2 protein chains.
Amino acid sequence: MVDDEPDILEFLRYNLVKEGYNVLTASNGEEGIKIAVAEVPNLIILDIMMPKMDGVEVCRQLRNRPEFDRTVITFLTAREEDYSQIAALDVGGDDYITKPIRPRVFLSRVKALLRRSERAEVIEEPDVINVAGLIIDKERVTVTKDEEVIELAKKEFELLHLLVSKPGKVFSREEIFNKVWGTDVIVGNRTIDVHIRKLREKIGEHYIKTIKGIGYKFEF
Amino acid sequence: MVDDEPDILEFLRYNLVKEGYNVLTASNGEEGIKIAVAEVPNLIILDIMMPKMDGVEVCRQLRNRPEFDRTVITFLTAREEDYSQIAALDVGGDDYITKPIRPRVFLSRVKALLRRSERAEVIEEPDVINVAGLIIDKERVTVTKDEEVIELAKKEFELLHLLVSKPGKVFSREEIFNKVWGTDVIVGNRTIDVHIRKLREKIGEHYIKTIKGIGYKFEF
DNA sequence: AGATGAGTTAACATATTCTTAATGTTGGGC
DNA sequence: GCCCAACATTAAGAATATGTTAACTCATCT
């Protein structure tokens, strides 16, 4: 959420946090872009009227990056300046919310927008994930890299699929065991390492990163 | 509610019970801690002036336990000894109420504090904290500064995360040990310094400030 | 039955993180 | 301005987590 007025930012953040949302705020366009790029949020709320870089410009710059292709972006705008609506939607905005803001209305609007973004993600889920030059095909249980088809064993694939499902997130060993092996199977504690090894052998060394003492993550 | 004077205890209890609150009382610090640990109340009221273990000390000991992280703690203090206020809030107190106590004022104060604690419970800790140009991401276990991703070791991250969880608050060494290392591990007293050093090396020198004789704090 | 390959284990190697200890530096009371 | 306790710094090595390899089990296929 990007707005240059601290009061509005704080007011909206309070309401969102109360509902359980995880909110990141920035008070100007540049900072907003920096945070957005670092975190790739599900929903971006931009005030249109801001000094230096306005919300429309922020939106345009974000939309130029492929990772914000499907991110829902909405604007905050004063009722009067309805001309801005056009520019805002032109530039790739999904919605706009007019000030003055009524908390209940605002929250239900946010909820609706996030539902939309979730749906978009769910729809895109189909069996093939394409990240960082890897095409991960759930149906064929294969990974394609540089036109080359790599066959993975079931456990290897499941492990990779889990890590890739949230790129950047660190999965703890416990979490991996629970999600790939299930809660009832008990295996030795070197098992994951061996699978990680085989995965790295097959897809390349630099995709899966070890965070010592915490777990593993997939990264670009 | 902990107070060594039975009359005050009885007077306040009477008023609170009349309003429908469930009150537990103790007449000294040790007993207070014992009951608090057993019951984990929503609000803790501590008289500062008590023989043996005073309220500030009780607060300090409670704050060292993770289960009292978010419990609202308030003090009772005679108006004159306002110096105690400083120590009280330093040590993790949320508020202080001055004697002599006016029942109506006292009750509205308690009500306000309990409202605060309710809110605090609902708010789950965010996974991403954005302060002073640092984006601290618990899920990815990274810190981003000026578009640059900084990798921290586990302990370093935990230490930073603790300090950043309350920017400006001074964390005593004892508190840091208890929250980052846990109460059962015993390590030498230069260990924290070394970790602080490494943190400062990685994120920059001016974020973590030493308060000699007291502890460390995160500041902008 | 024998071959095959996935999954697991165990033993040992390696690497990073954490801690220690020795020594240097600071800041506030006197 | 001196002194001392509290902190800073550094490098070395202890502690741990992970990496690696090879061998073993077990099901499946031929």
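## Protein–protein and protein–DNA contacts in a predicted model

Across the interface of chain A and chain B in this predicted model, six residue pairs are found in polar contact, both partners having pLDDT 80 or more. On the side of chain A that touches chain B, helix H1 (6-18) and helix H2 (29-39) of chain A each supply at least two residues, and H2(A) gives the most, with five residues. By class, the residues of that side of chain A divide into seven nonpolar, five polar and nine charged.

The contact draws on 21 residues from chain A and 19 residues from chain B, and the area buried between the two chains is about 1,800 Å², with carbon and sulfur atoms giving 51% of it. Of the area that chain A buries against chain B, A:Asn22, A:Lys34 and A:Glu39 supply 27%, more than any other three residues. Two salt bridges are counted between chain A and chain B; the side chains of B:Glu151 and A:Lys209 meet in a salt bridge at 2.3 Å, N to O.

DNA strand C is surrounded by 24 residues, the closest being A:Ala153, A:Trp181, A:Gly188, B:Trp181 and B:Gly188.

| Residue | N or O atom in | Distance to a phosphate oxygen of DNA strand C |
|---|---|---|
| A:Trp181 | side chain | 2.9 Å |
| A:Gly188 | backbone | 2.4 Å |
| B:Lys155 | backbone | 3.1 Å |

Technical notes
Residues are numbered from 1 along each chain as its sequence is written. Chains are lettered from A and ligands numbered from 1 in the order in which they are written. This is a predicted model: local features need pLDDT of at least 70, side-chain atom pairs count only at pLDDT 80 or more; totals for chains, interfaces and linings use all residues. Side-chain values use heavy atoms; hydrogens and water are left out. Contact means heavy atoms within 4.5 Å. Buried area is the accessible area (1.4 Å probe) that two parts lose on being put together, summed over both. A salt bridge is a side-chain nitrogen of Lys or Arg within 4 Å of a carboxyl oxygen of Asp or Glu. A polar contact is a pair of N or O atoms within 3.5 Å; within protein, one must be able to donate a hydrogen and the other to accept it, and residues adjacent in sequence count only if both atoms are side-chain atoms. Helices (H or I, at least four residues) and strands (E, at least two) are DSSP runs, numbered from the N terminus. Ala, Val, Leu, Ile, Met, Phe, Trp, Tyr, Cys and Pro count as nonpolar, Asp, Glu, Lys and Arg as charged, and the others, Gly among them, as polar. A residue is near a molecule or strand if one of its heavy atoms lies within 4 Å of it.
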